[in-house]
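Please take a look at the model, and then we can walk through it together.

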Amino acid sequence: FWSKTMTTYKPDKWVIIEVTTPDGIYKKILASWYGGFSNGDSWRLSSNIDNVTEEQHYYEFETYTGSIYQCFKDNIGISAYTQSIYNSWLQEKPDDVELKILEEF
């Protein structure tokens, strides 16, 4: 029996990635966190976004797996680290897949 995870993430930076495949169009969160001196930066790509709730200072995204992303409006954007990861995806993706960062969602 499979259940949803219900984990909450609060990224330091985030953008919405739109993935277009022959099977459909999907929106996901590319989230990143800054590391400290001893820990490097980290990132996570969410599962598909199922629901969005806008609060005063943040958006709350619920994903297909049940994870919650509390994404603060002031933190929208992509870090140099996640930009390099996104660029590698653009280079490696199949020809029938499109990726783009959404300015509005």
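Buried here means under 20% relative accessible area, exposed means over 50%, and partly exposed lies in between (1.4 Å probe, protein chains only). This is a predicted model, in which local features need pLDDT of at least 70, side-chain atom pairs count only at pLDDT 80 or more, and totals for chains, interfaces and linings use all residues. Residues are numbered from 1 along each chain as its sequence is written, and side-chain values use heavy atoms, with hydrogens and water left out.

Let's begin with helix α1, which covers residues 80–92 and includes Y81; helices (H or I, at least four residues) and strands (E, at least two) are DSSP runs numbered from the N terminus. Within α1, T82, I85 and Y86 are buried. Viewed down the axis of α1, the buried residues fall within an arc of 100° (taken from the directions from the helix axis to the C-beta atoms), so they line one face of the helix. On the other side of α1, A80 and Q91 are exposed.

What do the buried residues of α1 pack against?

| Strand | Residues |
|---|---|
| β2 | 13–21 |
| β3 | 24–33 |
| β4 | 42–45 |
| β8 | 98–102 |

Strand β2 also holds E18, which counts as buried because its relative accessibility is 14%. Leaving aside residues up to four places away in sequence, E18 touches I25, Y26, K27, E98, L99, K100 and L102.

Notes: Contact means heavy atoms within 4.5 Å.
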